Amino acid sequence: MESHVILASLVCFCLVSYVNCDEAAHQQSGDLIGRLMDTIQRLESRVKELETSATYGQREREEMRARIEDLSEKCDTEHSGIAKRQGNSNHNAFYAYMSTNLQYPHPDRTFVFDTVRTNVGSGYSNSSGLFTAPHAGTFVFAWTVVVDATSFVFSELSVNNVAMGNVISDSQENNEYHTTTGMVVAQLSQGDVVKVRSNPKVTIHGSVLSSNTHRTSFSGFQLY
């Protein structure tokens, strides 16, 4: 009888221990599951952040790509416009001056500017002093005349022998050099001839000077 009681007690102890162990295992499993769920939630939140960031980055890249394409198109358009303007300008320009003085030029004397520094388009001739328009267009011309003391020189710019501008360099009453510059804007046809000459109807007194300190010069360029 006593052995039965002892056996029953052992069985009850084992049952209680099993129940306690089972409850502890369940508790540990519950804690583990809770931690895993927390980790899953944090990962899901991070995934959403990354997806949002990726979406924003994709949108930003698309906007930048669109802006680059727009700027590239504007650049191509501007480049084409520059090339077109350059193509229409024909690049005509010249600058020349006298290398020596011109003593007492007679009326209607063509001034020959024999030293050429610029002659884009080859329109100017330093042997004749004439500029021949290679193309039709609007041109700007300037000429500078330096005269000796007590001199007076009437000069003019002509197109096809028709006066377009006149200046006088007068130092007759002042014992010093005198410099005068004239400028003309002319609409030319291809082949028109431009030159600087002394006035055909006025007597000139004195000399035209040109040296490394004071140049008597002729220049021009095509505006458009």
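Start at Leu130: its backbone nitrogen sits 3.3 Å from a polar atom in the side chain of Ser128. Keep in mind that this is a predicted model.

Where is Ser128? This residue falls in the loop between S3 and strand S4 (131-132). Buried would need under 20%, and exposed over 50%.

Now its partners. The Ser128 side chain also makes a polar contact with the side chain of Ser125, at 3.3 Å. Set aside neighbours within four places in sequence, and Ser128 is in contact with Thr110 and Val112. Then look at Lys195. Lys195 and Ser128 are 67 residues apart along the chain, and their C-alpha atoms are 9.2 Å apart.

Next, the aromatic rings. Two values describe a ring pair: the distance of the centres and the angle of the planes. Pairing here asks for centres within 6.5 Å. By this rule, the model has 12 aromatic pairs. Take Phe113 and Phe218. Their ring centres are 5.6 Å apart and their planes meet at 45 degrees, so this pair is tilted. The pair links distant parts of the chain, 105 residues apart. Phe113 is in the loop between strand S2 (102-103) and strand S3 (115-120). Phe218 is in strand S11, residues 217-222. Both of these residues are buried.

How values were computed: Residues numbered from 1 in each chain as written. Predicted model: local features only at pLDDT ≥ 70, side-chain atom pairs only at ≥ 80, totals over all residues. Heavy atoms only, no water. Phe/Tyr/Trp six-rings, centres within 6.5 Å; stacked < 30°, edge-to-face > 60°. Helix = DSSP H or I, 4+ residues; strand = E, 2+ residues; numbered from the N terminus. Buried < 20%, exposed > 50% of the residue type's maximum accessible area, 1.4 Å probe, protein only. Contact = heavy atoms within 4.5 Å. Polar contact = N/O pair within 3.5 Å; in protein donor to acceptor, adjacent residues only side chain to side chain.
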